[in-house]
Amino acid sequence: MPRTDVMLADSQLAAAQEKLGRGLVKAAVASAQQRVREGLADPDDAVDAALALLPATASGLKGVVNATGVLLHTNLGRAPLSAAAVAAVSAAAGYTDVEFDLVDGQRARRGRTALAALAQAVPEAGAVHVVNNNAAALVLATTVLAAGKEIVISRGELVEIGDGFRLPELLESARCRLREVGTTNRTTLRDYQNACGPDTGFILKVHPSNYRIEGFTSEVSIDELATIGPPVVADIGSGLLRPEPLLPGEPDVAGALRRGAALVTASGDKLLGGPQAGLLLGDEDLVERLRRHPLARALRVDKLTLAALEATLRGPRPTLHRSLHASVGELRGRAERLARRLGSRAEAVPTIARVGGGGAPGVELPSAGIAVDENLAARLRSYDPPVIGRITGGRLVLDLRAVEPDQDEVIAAAVEHSCR
Ligand SMILES: *Cc1c(COP(=O)(O)O)cnc(C)c1O
């Protein structure tokens with residue numbers, strides 16, 4: 001058995017310690033020795049075995065190929081960052097001028113260029129602010145506008161986002177009372193008017209981003225709510241700044257402001273296609289009050305988020321936009337090329353992709369992919385990088401809509417490897 005200290009002194013494993021730290025390399029060495037003990041590796045190949053077991057980075061987070069056909073998959077980190085955003089994150093990773101003016105050498109407003117990019121993208125907003133996520137944006141708005149007061153909200157909009165995260169519970173945690181109005185399927189302007197009074201902090205309009213109510217329904221638009229008096233806060237969820245023709249049911253920030261919302265909250269990592277963040281846009285005085293509240297400090301975003309958000313707003317179209325707009329013909333061509341290459345192991349199939357929990361419930365995006373033996377699922381998940389598909393009709397389908405074209409090669413190699 002090769003000794004641990006001898007293996008660690010090997011030049012390649014020594015270089016790996018510089019990159020990954022001693023702990024991770026030692027763990028890989030221990031696993032390699034175990035493989036030798038079990039007769040799975042030759043003692044002479046122990047160093048190679050350890051090198052093969054090293055993680056790509058010093059973080060346990062692994063990049064994966066999202067072949068689920070769900071563009072925004074919360075379990076898979078929602079929106080992928082664009083190359084421009086990744087470059088901006090990397091450039092901001094060291095010391096940066098995030099709160100420093102390089103011209104006069106004085107302290108400057110934190111993240112001012114990112115905030116300027118957001119304000120420029122939505123001229124309808126009097127001011128903008130960015131916090132950790134949309135949940136944080138709602139907590140901040142509630143704390144500033146409705147602590148000790150009531151939030152008037154329709155019973156049809158008491159949303160659970162996922163993983164037990166319930167919006168009503170979040171709001172109540174900020175010391176306000178919920179004044180529920182209407183019914184699950186129908187709420188009228190009169191319902192809101194009757195509930196509003198001196199105790200009203202604001203009226204909350206929540207976009208149902210992961211379900212739909214159909215049939216005998218009615219809801220009240222932001223325009224109408226804005227006539228009642230109290231400020232209207234609109235949680236649009238998805239983060240679309242402008243309307244997206246492919247998703248006509250999804251509200252956008254600019255539209256909500258034009259209709260009279262005093263404040264709009266949204267996520268950065270859903271349809272905007274950027275990093276996790278909570279966007280707050282609206283009346284100048286109101287946003288200023290949010291910004292100055294002590295809680296704002298606890299919810300503030302770091303320099304990496306600011307960098308990624310600005311590059312998403314200013315840079316080329318984010319990856320998510322490309323996935324959303326890829327033509328089905330192009331996807332079919334890619335699926336057929338993959339199927340030809342993989343022969344009997346795969347068949348090109350038409351599929352239906354979805355936006356996912358981040359928006360546009362019920363919207364079907366025609367797509368294409370390959371179907372392979374469902375027993376390959378676990379092996380594809382353990383491939384490097386892991387390839388994640390979905391099981392449909394007894395087969396594993398690898399949908400290409402959320403897959404970058406240059407990852408097709410990875411999928412082919414992963415299937416070939418898993419079929420061995
Ligand atoms: C996703 C979503 C949230 C939560 O947003 P996070 O950025 O995950 O905190 C809140 N409200 C709506 C309507 C949503 O769609």
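User: What distance separates the centres of domain 1 and domain 2?
Analyst: This is a predicted model, in which local features need pLDDT of at least 70, side-chain atom pairs count only at pLDDT 80 or more, and totals for chains, interfaces and linings use all residues. Residues are numbered from 1 along each chain as its sequence is written, and side-chain values use heavy atoms, with hydrogens and water left out. The protein is divided into domain 1 (4–53), domain 2 (65–77 + 321–418) and domain 3 (83–316), with bounds from an automatic or database domain assignment. Taken over C-alpha atoms, the centres of domain 1 and domain 2 are separated by 34 Å.

User: How far is a polar side-chain atom of Asp235 from a nitrogen atom of the ligand?
Analyst: A polar contact here is a pair of N or O atoms within 3.5 Å. Oxygen atoms of the ligand take part too: one is 2.7 Å from an N or O atom in the side chain of Ser267, and one lies 2.9 Å from a polar side-chain atom of Arg78. For Asp235 and the ligand nitrogen, the distance is 2.6 Å.

User: How much of the ligand's accessible area does the protein cover?
Analyst: Accessible areas come from the Shrake-Rupley method with a 1.4 Å probe. On its own, the ligand has 380 Å² of accessible area.

User: Where is Arg78 found, and what is its phi?
Analyst: Most residues other than glycine have a negative phi. Arg78 is found in the loop between strand E2 (70–72) and helix H5 (83–92), where helices (H or I, at least four residues) and strands (E, at least two) are DSSP runs, numbered from the N terminus. Although Arg78 is not a glycine, its phi is positive, at about 55 degrees.

User: Is the peptide bond from Asp384 to Pro385 cis or trans?
Analyst: Most peptide bonds are trans. Pro385 lies in the loop between helix H17 (377–381) and strand E14 (387–388). With omega near 0 degrees, the bond from Asp384 to Pro385 is cis.

Definitions and conventions
Polar contact = N/O pair within 3.5 Å; in protein donor to acceptor, adjacent residues only side chain to side chain.
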